[in-house]
Amino acid sequence: MADSFKAVLVDRDEDRKQSVEMVELTEEDLMPGDVTVAVEATTVNYKDGLAITGKAPVVRRFPLIPGIDFAGTVLTSSHPDWKEGDKVVLNGWGVGETHYGAYAARARVNGDWLVPLPEGMSVHDAMAVGTAGYTAMLCVMALERHGIVPDRGPVVVTGAAGGVGSVAVSILSRLGYEVIASTGRQEEASYLKELGASEVIAREELSGPGKPLGKERWAGGVDAVGSHTLANVLSMTSYGGAVAACGLAQGMDLPASVAPFILRGVSLLGIDSVMAPKELRLEAWKRIASDLDHGRLNKITTVIPFSGVIDACRDIVEGKVRGRIVVEM
Ligand code: NDP
């Protein structure tokens, strides 16, 4: 019999009640693909928490191995871009949603979904960044494309002590922006300042119903929260500014008015990491390798063993996780 390996498997019963357990699988159990990878590190994203707890319909086939990102080494490949021994990273593309994902020692995927592990980064570093960090970089790149440079004024980051938020604060401050970090966890204020935030504001300042237009407080923002928070961030963005929206930690709704758009020329930049084209991914990972301070990355990272991944997924949906988690296989 082929060698078996551990995997997390989400399933549901006839009453559609979802369950999750650690099981033993073999490579024969994996889904079709032209590259098989030894998963060496993965991580815990908010979306993985939603998948494992079933709090939102992230899992779209049952049973499924969750886990939306991994870094590892190619074992076998019939894809022209990859050969045995190549170090690779995967984010998104429906992995951990419709295709068997990262929470197993082996993954078989479409080679088009992989990018090379950036030079100078280990699999551990890549997962300390993970989809959260790569999404934070996509947000920063979108702001830059819109001309939001440090001279334009401060930028706000919401959900700042979370994964996307922590990396966004780190990158933006390293690039010279004045960063205002919004958090619901005031006990994390010194952590956020260490990452480079110049000011820490309370989540409550932004999370309730607001006015169509507020005092102009920032030139731009990275919003991981959605709902009233995003509406308020937009209403306080200065003339010609832009906000990159990537998350829904508070809610998927957007109870906003068009006032910031039509009276202040503010732009709302939508960020999706899952189906982002390959060129954008390659650029984002290149920028991560050059613009993210590795010392700061270590500060925001907690390492856990694979056996702890299910509990960590439950913690993240309860807002108990600070920064980034690396899961070592
Ligand atoms: P985390 O859970 O690590 O961070 C989310 C943060 O949001 C929390 O740490 C908390 O920050 C804040 N938060 C949580 N609940 C609430 C609430 N009810 N009201 C206001 N703020 C809240 O998750 P990630 O960083 O991994 O992901 C952040 C968001 O981005 C998620 O919604 C995720 O689905 C989305 N995402 C989207 C991607 C895309 O492609 N568009 C890719 C990756 C993530 P604090 O304690 O500082 O207040």
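These are my notebook entries on what I looked up in this structure.

**Ground rules**

I am working from a predicted model, where local features need pLDDT of at least 70, side-chain atom pairs count only at pLDDT 80 or more, and totals for chains, interfaces and linings use all residues. Residues are numbered from 1 along each chain as its sequence is written, and side-chain values use heavy atoms, with hydrogens and water left out.

**Entry 1: domains**

I looked up how the chain is divided. It has domain 1 (4-117 + 297-328) and domain 2 (131-270). These bounds come from an automatic or database domain assignment. Taken over C-alpha atoms, the centres of domain 1 and domain 2 are 29 Å apart. Domain 1 puts 13 residues into the contact and domain 2 puts in 15. Contact here means heavy atoms within 4.5 Å. I then looked up the area buried between domain 1 and domain 2, and found about 1100 Å², 56% of it on carbon and sulfur atoms. Buried area is the accessible area (1.4 Å probe) that two parts lose on being put together, summed over both.

**Entry 2: the nonpolar cores**

Which residues touch the most other members of the largest nonpolar core? I found Val169, Leu192 and Trp285, in a core of 55 residues. A nonpolar core is a set of buried Ala, Val, Leu, Ile, Met, Phe, Trp, Tyr and Cys residues joined through side-chain atoms within 4.5 Å. Buried means under 20% relative accessible area, exposed over 50%, and partly exposed in between (1.4 Å probe, protein chains only). Among the elements that each supply at least two residues of this core are helix 2, helix 3 (163-174), strand 12 (237-245) and helix 8. Helices (H or I, at least four residues) and strands (E, at least two) are DSSP runs, numbered from the N terminus. Helix 2 gives the most to this core, with 15 residues. Domain 1 and domain 2 both contribute residues, so the core lies between them. Apart from this core I noted another, of 47 residues, including Val20, Tyr100, Val109 and Trp113.

**Entry 3: an aromatic pair**

I searched the whole structure for aromatic pairs and got 1. Tyrosine 134 and tryptophan 285 are stacked, at 6.2 Å centre to centre and with 10° between the planes. Rings of Phe, Tyr and Trp (its six-membered ring) pair if their centres lie within 6.5 Å; planes under 30 degrees apart count as stacked, over 60 as edge-to-face and the rest as tilted. The pair links distant parts of the chain, with tyrosine 134 in helix 2 (residues 123-145) and tryptophan 285 in helix 8 (residues 278-291), 151 residues apart.

Are the two partners buried or exposed? Tyrosine 134 is buried, at a relative accessible area of 0%. Tryptophan 285 is buried too, at 2%. Leaving aside neighbours within four places in sequence, tryptophan 285 contacts residues including Val89, Pro118, Met121 and Tyr134.

**Entry 4: around alanine 161**

I went to alanine 161, in the loop between strand 8 and helix 3. Alanine 161 is buried, at 2% relative accessibility. Not counting residues up to four places away in sequence, alanine 161 touches, among them, Glu188, Tyr191, Leu192 and Arg322.

Next was glutamate 188, in the loop between strand 9 and helix 4. Glutamate 188 is buried as well, at 11%. Beyond four places in sequence, glutamate 188 is in contact with Ala161 and Arg322.

Where does the charged end of arginine 322 sit? I found it over the ring of tyrosine 191, 4.1 Å from the ring centre. A charge sits over a ring if NZ of Lys or CZ of Arg is within 6 Å of the ring centre and within 35 degrees of the ring normal.

**Entry 5: helix 1**

I listed the buried residues of helix 1 (residues 46-53): Asp48, Gly49, Leu50, Ala51 and Ile52. Their cover includes strand 1 (4-12), strand 2 (18-26), strand 3 (35-43) and helix 10 (309-317). Just after helix 1, glycine 54 takes a positive phi of about 75°.

Most residues other than glycine have a negative phi, and most peptide bonds are trans. I looked for exceptions. Arginine 16 has a positive phi of about 65°. Arginine 16 is in the loop between strand 1 and strand 2, and is exposed at 59% relative accessible area. Tryptophan 93 has a positive phi of about 60°. The peptide bond from phenylalanine 62 to proline 63 is cis, with omega near -5°. Proline 63 lies in the loop between helix 1 and strand 4 (69-77).
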